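Visitor: I've got a model open on my screen and would like a quick tour. Could you walk me through a few spots?

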Amino acid sequence: MGQLGWVWFGGKGAKIYCIPYFNFANNKFGIIDAQSNTLEITSLNANTQTNYSWNSSVTINDKAYCIPYQKNGGNQFGIIDSKSDLITFTTLGLSNQVEYWWRTSVAVGNNIYCIPAYDENNSGNQFAIINTESNTLTLTNLGAATGIDYLWFKASVAGTKIYCIPAFHDGGGSNKFGIIETLSNTLTLTSLNLETDVAYDWQSSSTINNKIYCIPASSINSNRFGIIDTQSNFVNITSMGLSGSINYDWKTVSVVGNKIYCIPLTNAGGNQFGIIDTTTDTITLTSLNANPQINYWWFTSHTIGTKIYCIPAQGSLFGIIDTESNTLIITTMGDNTQTDYTWYTSAAVI
């Protein structure tokens, strides 16, 4: 099933790099060629015995940056050159003894911001700011307090600002957003109008038209979304009519036009996708004919043109959504090994 049988839908040369988290499958990358709809499994030149712990990634120009989460692997970044499909390993000057706990990262201009989720062992809630033109790294806490777990699992960019999104209220962070003004590299800590003792369980987010949508990963708080108006900094909390008792298990989202596709990780909610129309702030639930008995383990996803690639963190079943017809194809893309590659993050180069 290497060729999926549809006409190419995007720019020439688009690739998606599926990036290994730990070396459960000897650090195999998956490279999806979106023009030919084929998958290449390769280690690049990664050490098959090293736990690189890449939990997030960012694309700038023709390079994909793999960001370390834990100090396993010596806090090495992986920088993939999409022109040659070669990877460079570098610590960018980091100590290999400190765990910075960067669970998410975003790009603003030519800079990458690595966002701390925890401050275990009092490493100081250090942000990393990577200048990709010089490949230099600056560590700074931007004024965040030491000893507090802000639990920033995802972040979204709106203009020149980065919104670090709290997943839970515990850890001392009390549902504090971290808003970084990248022009001055200053940080504002604020709960906006959130209740400080509620676990919202926001583990993915996306920006459309000056609004940031914080997506619930479970029914821990009745499946409530947070919609941030970044001009007024007000958060509208809404269930969009969802049942509060069903766990939809949305860990990744992808955007096409004015719609956000919330993609199921497991079949806890019967593999229901949530399609948010951001013009009306309404949601449609649909299985897109996914088998409600199967855990597809889609932990990361990317939009190429009008199609969304859902990438497995376990097993080898990809989901490819045609958003024009809202149809879903389940495919191994030619890989029938049933290997758990542990792809927790992915980077698209277009």
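Visitor: Which side chain does the side chain of S243 join in a polar contact of 3.0 Å?

Guide: A bit of housekeeping comes before that: this is a predicted model, where local features need pLDDT of at least 70 and side-chain atom pairs count only at pLDDT 80 or more, while totals for chains, interfaces and linings use all residues. Residues are numbered from 1 along each chain as its sequence is written, and side-chain values use heavy atoms, with hydrogens and water left out. A polar contact is a pair of N or O atoms within 3.5 Å; within protein, one must be able to donate a hydrogen and the other to accept it, and residues adjacent in sequence count only if both atoms are side-chain atoms. At 3.0 Å, the partner of S243 is S245.

Visitor: Why does S243 count as partly exposed rather than buried?

Guide: Buried means under 20% relative accessible area, exposed over 50%, and partly exposed in between, using a 1.4 Å probe and protein chains only. S243 is in the loop between β19 and β20; strands like these are DSSP runs (E, at least two residues) numbered from the N terminus. S243 counts as partly exposed because its relative accessible area is 29%.

Visitor: Which residues does S243 touch, leaving out those up to four places away in sequence?

Guide: Contact here means heavy atoms within 4.5 Å. With residues up to four places away not counted, S243 touches N223 and Y248.

Visitor: Is T252 buried or exposed?

Guide: T252 is in strand β20. Beyond four places in sequence, T252 has contacts including Y261, W298 and F299. Its relative accessibility is 7%, so T252 is buried.

Visitor: Which side chain is joined to that of T252 by a polar contact of 2.8 Å?

Guide: The contacts of T252 include S204, T300 and S301. The polar contact of 2.8 Å runs between the side chains of T252 and S301.

Visitor: How many bridges join β18 to β19?

Guide: Two strands pair if DSSP finds at least two bridges between them. F225 has T238 in β19 as its bridge partner. The two strands run antiparallel, and the bridges joining them number 5.

Visitor: Which residue in the hairpin of β18 and β19 takes a positive phi?

Guide: That hairpin has 4 residues between the strands. The positive phi, near 55°, belongs to N233.
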